[in-house]
Amino acid sequence: MAQDDKISRRSALKISLSVLPIAAGGAALFSACGDSSLDCTDVSGLSAEETATRTNLEYVEASPHGEEKDCLNCRFYTGNESQCGSCTLVKGPINPRGYCKSWVIKA
Ligand code: SF4
């Protein structure tokens, strides 16, 4: 019985150690890609002019430059990376991983 317990614990430890890197890798990959579950596209509360500004500045939900240039590190962004924020120039919900052609590095 004691021998079975020992093997069982050893097996459990091996499984834990083999799963841990996979879980960590998955979390890192998810983080590197940003939180794709955020949907900051609801512009129903905006005026036609505000919606036009959003379009004219070519706002997109996912920056073509990745995290090097995105709303999160833009001077005009207010918010964090876990939820839709706001922007001084572009009204409406702003994806922290979004981008527009008025991007300026945060000072
Ligand atoms: Fe994002 Fe453009 Fe606003 Fe900067 S100016 S936070 S890039 S929408």
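View 1. D70 is buried, with a relative accessible area of 1%, where buried means under 20% relative accessible area, exposed over 50% and partly exposed in between, using a 1.4 Å probe and protein chains only. The model shown is predicted, so local features need pLDDT of at least 70 and side-chain atom pairs count only at pLDDT 80 or more, while totals for chains, interfaces and linings use all residues. Residues are numbered from 1 along each chain as its sequence is written, and side-chain values use heavy atoms, with hydrogens and water left out. D70 lies in the loop between helix 2 (48-56) and strand 1 (77-78); helices (H or I, at least four residues) and strands (E, at least two) are DSSP runs, numbered from the N terminus. Leaving aside residues up to four places away in sequence, D70 touches S63, P96, R97, G98 and W103, contact meaning heavy atoms within 4.5 Å.

**View 2. R97, in the segment after strand 2 (86-87).** R97 is buried, with a relative accessible area of 16%.

**View 3. C71 and its neighbours.** Not counting residues up to four places away in sequence, C71 touches Y59, Y77, I94, N95, P96, G98 and Y99.

**View 4. E58, a residue with positive phi.** Located in the loop between helix 2 and strand 1, E58 has a phi near 60°, a positive value in a residue other than glycine. Most residues other than glycine have a negative phi. At 48% relative accessibility, E58 counts as partly exposed.
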